[in-house]
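Please walk me through this structure.

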Amino acid sequence: MDDPAPPHQLFDTILVLDFGSQYTHLITRRLRELNVYSEMLPCTQKLADLTWKPKGVILSGGPYSVYASDAPHVDPEVFNLDVPILGICYGLQELAWHFGKNVLAGEKREYGRAALNIHPRNGQEAHVSRLFEGLPDDMDVWMSHGDKLSRLPDDFITIATSANSPYAAIAHESKEYYGVQFHPEVTHTPKGTQVIRNFAVSICKARQNWTMEAFRDKEVERIRKLVGPKGQVIGAVSGGVDSTVAAKLMHEAIGDRFHAVMVDNGVLRKDEAKQVKQTLTKNLGVNLTVVDASERFLSLLKGVEDPEKKRKIIGNTFIEIFEEEAKKIAKEAENTPRAGNIEYFLQGTLYPDVIESISFKGPSATIKTHHNVGGLPEKMNLKLIEPLRELFKDEVRAIGTELGIAEELVWRHPFPGPGLAIRIIGEVTPEKVRIVQEADAIFMEELKAGKTKDGTSLYRDISQAFAALFVDKAVGVVGDQRLHGYVIALRAVKTTDFMTAKAYWFDEEFASRVSDRIGNEVQGVARVVYEWTSKPPATIELE
């Protein structure tokens, strides 16, 4: 049986090569929003190892200078693909470096809003003018660069300028190679999405057929082909939107041959296991087994303070338990119509998990290990199946709606696989777990009851919120007695893609009410603080 085709073989795909810019993922997001499928790979990707041909290539921005000795450079074979190429910021300079090494440090750094002047199109070749088709001759763009071109590369022409960039946009005279010094992918470039659309659709001729309805149908077909007519799958579910959508997809594809399992690792939210079982079994018809392994996890976490060790312990133990459960389920299924080997292990890995776990020498470094991409043991007896691996969070929610999953569940805030273990700074103990569970429950209750100024749900207006616990204690006063208790940190962020995020601003009345309730109702808490740091430089989770 032939292996089922991945999305880049089913949909026209634009390849984004990442040079380490904080905006690179936004290029992929903008393309997906245009219903054009896109995948991101590190700039060090060897084209000989690529098993598919993209419709076009975008070279991202990056923090390096192309003329530096340690600067990353694209595989020269990219220019032999015979597909259109668009260089953005560093990507433009990479184009210029490849075609003449004519890049130098600018006298002035250009950062922020700039006025772009598009050159008259009269007499230009048709393919050149297409990049700015339908756009005004003057428009605002967002710049973020220090280096600039010293002169035009051979066979290129200037198609736009700015006050500080005489080569703000360039194009090859005969080949479909383009470079822009500004960032069309950021919202600060108001008409930037049109530039990206012009490149992907008008120039690359990519079909705009990437929809969640199309993905759902093709993914169900892919799963059936991968698993086969008798194969069985065991699935990790948590009750969050990712694992729920993955479970529903799997159930649609293979029915009762999918076995959903939830592991109570002792670091779940308050009453989580009970609520998840009711949601998945009663509302979605998924056969769910709940395994109480809380004591096992907490004993392994005892004395462990390093967050990476916590993730590894939890990731490895998860797999061990699932393998044990798979054997039990397979034995129970013997001599029944459902008999068949359990070969696959379902996970709700998302594309941001994959992106953050990509590490290559030069512009990027691994931020943290995700339990479902980097925290798995090297040897496991089950093969991974990850139906959401190519999706961003908003795409997962869209497909959840397509699958008929309840709105409340579709919009549930994310919860990390390692659970409260990475929301408790330092060692995890039963007392700390209780405190965080109770504080988080109060925070969620108030968020769900709260309203924004325009009357919409406060919970829905926030992308992710939670309570966490700091490692050190602080002094407080309860009644007339001194309390040496824990510090609870509340965190709430707003984001569209979970790759960047801003802290959410609450009004004073709401913040005071939540703080007072936690201080009064949760035994052992001396203080409540609010964590303001954006992503970057911070991650959304505390560890």
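**Charges, rings and an aspartate**

Lys448 lies over the face of Tyr459, 5.2 Å from the ring centre. Arg32 places its charged end over the ring of Tyr351, also at 5.2 Å from the centre. A charge sits over a ring if NZ of Lys or CZ of Arg is within 6 Å of the ring centre and within 35 degrees of the ring normal. This is a predicted model: local features need pLDDT of at least 70, side-chain atom pairs count only at pLDDT 80 or more, and totals for chains, interfaces and linings use all residues. Residues are numbered from 1 along each chain as its sequence is written, and side-chain values use heavy atoms, with hydrogens and water left out.

Now the aromatic pairs. The whole structure holds 18 of them (Phe, Tyr or six-membered Trp rings with centres within 6.5 Å; planes under 30 degrees apart are stacked, over 60 edge-to-face, the rest tilted). The ring centres of Tyr37 and Trp210 are 4.6 Å apart and their planes meet at 45°, so this pair is tilted. Tyr37 is buried at 0% relative accessibility (buried means under 20% relative accessible area, with a 1.4 Å probe and protein chains only). Trp210 is buried too, at 1%. Phe506 and Phe510 have centres 4.8 Å apart and planes at 20°, so they are stacked. Ring pairs join Phe443, Tyr504, Trp505, Phe506, Phe510, Tyr530 and Trp532 into a cluster.

Last, Asp264. Its side chain has a polar atom 3.1 Å from the backbone nitrogen of Gly266. Asp264 also touches Ala273, Val291, Asp292, Ala293 and Ser294, leaving aside residues up to four places away in sequence (contact means heavy atoms within 4.5 Å).

Definitions and conventions: Polar contact = N/O pair within 3.5 Å; in protein donor to acceptor, adjacent residues only side chain to side chain. Buried < 20%, exposed > 50% of the residue type's maximum accessible area, 1.4 Å probe, protein only.
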